[in-house]
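Me: I am new to this structure and would like a friendly tour. Could you take a look with me?

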Amino acid sequence: MPLLNVHIMQGHTPAAKTALLKALSDAVVQSIGAPLASVRAILQEYAAADVIVAGEVGAAMALVNVDLIAGRTVELKAALILALNQAVSASLGMDGKDVRVVLRDIPKTDMGVANGLSAMAAGR
């Protein structure tokens, strides 16, 4: 159950934001084989005055924080990081150097899934 919390600068069109969310969802499915029904993404936008990157206020940036049920291989995680970076870059016309992806493994006992069960109780 990958949960994506995506942070971007303001100024993108509604169509670009929709394309980004779809591209991120597809990237998760294609790179780690997660079922689309399990992918969740939330988009947050920031004014230029609220962001500083490398000492530059308002610099281009995107940050994708991903919470995952623990257990994926290093190779799958690397594929996910690359796929998400490429999805952001392509959808928003950004340079991949301005995109960061952070993965967090959540123990199966600590991740809630459908109907209020833990991932472990659901057999994940």
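This is a predicted model: local features need pLDDT of at least 70, side-chain atom pairs count only at pLDDT 80 or more; totals for chains, interfaces and linings use all residues.

Me: Which residues does UniProt list for "domain: 4-oxalocrotonate tautomerase-like"?

Reply: Residues are numbered from 1 along each chain as its sequence is written, and side-chain values use heavy atoms, with hydrogens and water left out. UniProt positions follow the numbering used here, feature names are shortened, and annotations may be inferred rather than shown by experiment. In an unreviewed entry, UniProt lists this domain at residues 2–57 and 63–114.

Me: What pattern does the protein follow, read along the sequence?

Reply: Helices (H or I, at least four residues) and strands (E, at least two) are DSSP runs, numbered from the N terminus. The protein has two helices and six strands. Residues 2–57 are 34% helix and 32% strand, while residues 63–114 are 37% helix and 29% strand. Read in order, the pattern is β-α-β-β-β-β-α-β.

Me: What is the radius of gyration of the protein, and what would a compact globule have?

Reply: The radius is taken over C-alpha atoms, and the globule rule is 2.2 Å times the number of residues to the power 0.38. For 124 residues, a compact globule would be near 14 Å, which agrees with the protein's 15 Å.  The C-alpha trace spans about 45 × 30 × 25 Å along its principal axes.

Me: Is Met61 buried or exposed?

Reply: Met61 lies in the loop between E4 and strand E5 (62–69). Buried means under 20% relative accessible area, exposed over 50%, and partly exposed in between (1.4 Å probe, protein chains only). Met61 has 13% relative accessibility, so Met61 counts as buried.

Me: Which residues does Met61 touch, not counting residues up to four places away in sequence?

Reply: Contact means heavy atoms within 4.5 Å. With those sequence neighbours left out, Met61 touches His7, Ile8, Met9, Tyr46, Val51, Val53, Met94 and Asp98.

Me: What is the relative accessible area of Ala54?

Reply: Ala54 is found in the loop between strand E3 (52–53) and strand E4 (56–57). Its phi is near 55 degrees, a positive value in a residue other than glycine. Ala54 is exposed, and its relative accessible area is 84%.
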